[in-house]
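Q: Can you walk me through this one? Pockets first, then helices and rings.

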Amino acid sequence: MPKSSQKGEVNMNKMDKVATWEMVGKGANATKIEDALKSVGLNFLVEKRQIFFGPDMKGIKDKFATVRTDKEIPMGIVGKGYEICQNDKAFAFADYIDSNLKFTRGGLTHTGLCWVMGEMPAVKILGEDYVPCLCLQNSFNGKYTVKANIIPLCKASGSQVAMEVSGLTNTIKIRHSSNLPARMSQGQDALASISTYMNGLRKIAEKYASIKMNKEQIEMFVDILFPIRPNMSEQVKAKVMDQRKMFVACYDDDGNKAHYGNAWGLIKAYADFNTHTIGKDTKSKYENKFMKTTLGKNNFNSFLRKLETVTGTKIG
């Protein structure tokens, strides 16, 4: 099968082949959400308090501060109707998803997102192990709703293949409930969503792998994915060329050998490109990459539309 001829000078040995969340937060080894929250430092309580301002210390109408009570740290400014959902209550349903779910990491981002990562046993997709990971999310500033994202993680490459395509969604909406039957029901619904998503991803992967691409098509696709435009400054052109080199290196990597010359190989390369970093980076950049690739959509829809223009086959 043809590889791309657009060689780059990228040392893949310097690429951090781990999930983005391994570079942020704190580690955990728990089967219960209560233990996981303690391990990653999210077992605190938050109160909503009125904001006072000015020499007379008058309360500001309909504006309140959410405050972390153990450290008296403000978490955000919210409106009168905002209701706090404590982390232990928001994530309580996770204890009823599956006994095989292990909580491995979590933390608090600079944007106020509380997150906990859980991992299920790996499933086979085209002969490779993919770990269904579940990112639980909550906040106390109104920026983020209580929800969970399904993140398939390729065990061999450490790349995250989280896409929403063909009616397949990786987002699970969480309905806060204080009673046990409702939490158990929601846990089983989440398990069903994970199973549906991974089965759907397997079918999509099989379809992509059946779409063959020759060297000219692959080179055309790289040109479309990372276009060089006449009005670009030299600095921007250099950045785009670096992106091209890294993407091509991901595609040509030995771990992608089984999919040289097909559309799934390009998708695997894009997942590597989105997930990993060459060399060391700053804490803030690692966190931004984590949030973009784990909570965002990775621009996979745009990627697939561009792939369709080259293959002539509707695959999304």
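**Pocket, helices, rings**

Q: Which residues line the second largest pocket?
A: Met23, Val24, Gly25, Lys26, Leu108, Thr109, Trp115, Lys283 and Glu287 line the second largest pocket. A pocket is an open set of points on a 1 Å grid over the protein atoms alone, where a 1.4 Å probe fits, with protein on both sides within 12 Å along at least five of seven lines; lining residues have an atom within 4 Å of a point. The model is predicted: local features need pLDDT of at least 70, side-chain atom pairs 80 or more, while totals for chains, interfaces and linings use all residues. Numbering runs from 1 along each chain as its sequence is written, and side-chain values use heavy atoms, without hydrogens and water.

Q: How much space lies in that second largest pocket?
A: About 150 Å³, as filled by probe spheres set on the points.

Q: How do the residues of its lining divide?
A: Four nonpolar, two polar and three charged.

Q: Switching to helices. How do α6 and α8 cross?
A: The axes of α6 (residues 263-275) and α8 (residues 300-311) come within 12 Å and cross at roughly 150 degrees. Axes are lines fitted to C-alpha atoms, with angles from 0 to 180 degrees between N-to-C directions. Helices are DSSP runs (H or I, at least four residues).

Q: Which residues meet there?
A: Ala263, Leu266, Ile267, Tyr270 and Ala271 in α6 meet Phe300, Phe303, Leu304 and Leu307 in α8 (heavy atoms within 4.5 Å). The contact divides into nine nonpolar, no polar and no charged residues.

Q: How many aromatic pairs?
A: The count is 13, for Phe, Tyr and Trp (six-membered ring) with centres within 6.5 Å; planes under 30 degrees apart are stacked, over 60 edge-to-face, the rest tilted. Phe221 and Phe303 are edge-to-face because their centres are 5.1 Å apart and their planes at 90 degrees. Phe221 sits in α4 (residues 215-225) and Phe303 in α8, 82 residues apart.

Conventions
Ala, Val, Leu, Ile, Met, Phe, Trp, Tyr, Cys and Pro count as nonpolar, Asp, Glu, Lys and Arg as charged, and the others, Gly among them, as polar. Helices (H or I, at least four residues) and strands (E, at least two) are DSSP runs, numbered from the N terminus.
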